[in-house]
Amino acid sequence: MTTCSRVSRRQFLQSTATIATAVTVGLVGAPAIVRAQGTSVKLGVLHPVTGALSYSGQQGRLGATMAIEDINAAGGIKGLGKIDPVLGDAQSTPDGGTAEVEKMNSAGVCCIVGGYASNICLATTQAAARYELPYVVDVGVADGIVTRGLKNTFRFGPGFGVISKTALANLVAINDQAGKPAKTVMIVHEDTLFGSGLAKLLNAQLPQSGFEILETIPHPTPTRDFNNVVLKIKAQNPDLVIPANYYNEYVLLARTMQQQQVKPKGIYSVLGGAASSYKFVKEFPDAAQYIMDCNHWFDPRNEKALALKKKVEAKGEFYTYEVYMNYSCISLVADALARAGSADRAKLTEALASSTFSGHLMPYGPTKFVNGQNEGAAPVNTQVLDNDIKVVLPATFANAKPVFPRPA
Amino acid sequence: MLSPAILIPAVLNGLLIGAIYALIALGLTLIYGVLHIINFAHGALLSAALFAAFFAYRLLGLDPYFSVFLLAPIFFALGYGLQRFIIGPASHGDDRNMLLVTLGIAVIIENALLYAFRADTRTIDVAYAFRTIDIGVTFLAVPRVVGFIAAFLVALWLWLFMTFTDTGRAIRAVAKEKLGAELAGIDVAHIYAVTFGLGTACVAMAACLLIPAYYVNPSVGEAFVLVAFTIVVLGGMGSVPGALIGALLIGIVESLSGLFLGESLGQIGIFLIFIIVLLVRPSGLFGARA
């Protein structure tokens, strides 16, 4: 009992002293206390590092922590000190993500970065909104994430609408250039928000561009066998197969297609979980060859992006989009914190909303947030060529020409 | 959709995956036939066996088809010990207690796996995992063909063991008439444990045949054991040929319902059969009428 009362008296004295100090320098309230403690600023880093999405989640965490290490090594954020990451595991489910948001809020983070999957981001951004806690979505592409009027939610990367529009325009361009060899399409998508949403958009837009959709096949995540799906593809023999799913299923699908010797004129993914992955290309080069993807990708002309690639590869890891997108998002938050000059949530939200950040690694236009969406964000088209991933469109960033249809 | 070019490969795929189901169901039906309990720990033991096969490959470099010869005896011993020292004593000879004890063991094993290895999905990458055999109408995956042959060999061995060995005769005697067997000098507790051990060894074999083309996580066994329960009901509780033929049928049904109803709804067919069998022929295809 005596110990208890001593500690609480000490705490009381400490906080009184803190408030007294704050009042002396003319600042009152929570941000002042944070500043008085003064050596670090807490930042939530939330990814699905276990469960079905664990690989992508771990890659995302890698990118975020590398960015934080770099920022801290350079002296942290001016006036606020070093970034103290609070790591969270969404366990590949929206519920898991929401629980972590609650914990991070209690831990007193100034902002959360991450989420990865669309369904997780939808839940976590909403949970964070209750505490007016700024949230920067790292990947989650469903448009619903930024169209609900949540003032705390920011997405640095592109959403479905922009991605599917770009993907379609680029598909038509590639097909036209090759003399229109592709007319029929089959879509294979995972059945949560990400895959279903994309399939719906493609179903609405592809026929307008003269493509005939033979069938749209949904599947759950995880799926343990793609034989039936591949049999359907084999029977209908489409010119193009468009997969929209996460890494494990994408690899299983591509390998089963190779196994069953199904060779369409092209595999054109939109946000294909594995099609723009060095891991996939290295582990299964035959299955990956000539696959095209419209996806997030780093700016191949950006020195910083190339330097990070070397650093990630030196760690024995793959330079996947989760890595550089999270790196960019953390840099974005650090820039906003420096401009806000405070870890106060309202001030940080304001600083993020007015951001024109250009120190990122992505091939984007000028950063400008409208309703939380970065209007400068855009995907690029990549293709697996000679065991490497090349950018084939848009021409301004391209380092190779598309090979289509796939050589026999 | 109804063209033979799709239907034949789908049926063949179903047969191949059915053979793996058969191995899991054989263990379950054997334990039921003798101990008259549904072993709820079967799925958790399958997860544990998959982890064992995974780490045998990752840490010791043992090919799963080789480690089957190591893991089957280890899991036999594990099953024997579980029945002899935990399930038997804890249930005080009451069947309902046994049921609850196996349920408790399932919870403990699954959570121990979750604690030790987290919820991550792990796979191994062996060279033959995605090899195929061209049989004209379709390509058959090598690991599945191996599993198919192995399932038949195990069923045959089990049948021979039960028919021609003294232990087999003792198992059958205990299954038919426990008190009579005891009076004839058979150690019933030992035979119970041997049967549980055999059932667990079947699970270990299934795991080794499954792992080359499949993945493992702590809850992976659940999906299989639900299917195995259906097979045991379809084939008849306690019947070895029933488990084998029931499993092949269920494999085909699963494959075809996946084809026609889509992957998201593929398992509906299995559970429809479960309900229909319970309504129309509760004793199953090969089960003795109660």
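What percentage of the 290 residues in chain B is made up of buried residues?

The structure is a predicted model, in which local features need pLDDT of at least 70 and side-chain atom pairs count only at pLDDT 80 or more, while totals for chains, interfaces and linings use all residues. Residues are numbered from 1 along each chain as its sequence is written, and chains are lettered from A and ligands numbered from 1 in the order in which they are written.

**Figure 1. Overall build of chain B.** Of the 290 residues in chain B, 50% are buried (20 or more other C-beta atoms within 10 Å of the residue's own, with C-beta atoms placed from the backbone; exposed means 12 or fewer, and partly exposed lies in between). Eleven helices and four strands form the secondary structure of chain B (DSSP runs numbered from the N terminus, helices being H or I with at least four residues and strands E with at least two). The radius of gyration of chain B is 19 Å, close to the 19 Å given by the globule rule for 290 residues, so chain B is as compact as a globular protein of that length (the radius is taken over C-alpha atoms, and the rule is 2.2 Å times the number of residues to the power 0.38). The C-alpha trace of chain B spans about 60 × 50 × 35 Å along its principal axes. Among contacts in chain B with a separation of 6 or more, 76% join residues 24 or more positions apart (a contact requires C-beta atoms, placed from the backbone, within 7 Å).

**Figure 2. Overall build of chain A.** Chain A has 14 helices and 14 strands. Along the principal axes, the C-alpha atoms of chain A fill a box of roughly 80 × 45 × 40 Å. Buried residues account for 55% of the 408 residues in chain A.

**Figure 3. The two domains of chain A.** Domain 1 comprises 38-157 + 302-374, and domain 2 comprises 161-295 + 380-393 (bounds from an automatic or database domain assignment). The C-alpha centres of these domains of chain A lie 28 Å apart. Their contact takes 16 residues from domain 1 and 18 residues from domain 2. On the side of domain 1 that touches domain 2, helix 3 (54-73) and helix 5 (118-129) of chain A give two or more residues each. Helix 5 gives the most, with three residues. This side of domain 1 has eleven nonpolar, four polar and one charged residues (Ala, Val, Leu, Ile, Met, Phe, Trp, Tyr, Cys and Pro count as nonpolar, Asp, Glu, Lys and Arg as charged, and the others, Gly among them, as polar).

**Figure 4. The contact between chain A and chain B.** Here 24 residues of chain A are in contact with 21 residues of chain B. Strand 7 (212-219), helix 8 (227-236) and helix 9 (247-259) of chain A each supply at least two residues of the side that touches chain B. Helix 8 of chain A gives the most to this side, with six residues. The residues on this side of chain A divide into eight nonpolar, twelve polar and four charged.

**Figure 5. The surroundings of A:R406.** A:R406 is placed in the segment after strand 14 (388-393) of chain A. Because 15 other C-beta atoms lie within 10 Å, A:R406 is partly exposed. Neighbours within four places in sequence aside, A:R406 is in contact with A:K265, A:G266 and A:Y290. A:R406 and A:G266 are 140 residues apart in sequence, yet 5.8 Å apart in space, C-alpha to C-alpha.

Conventions: Contact = placed C-beta atoms within 7 Å.
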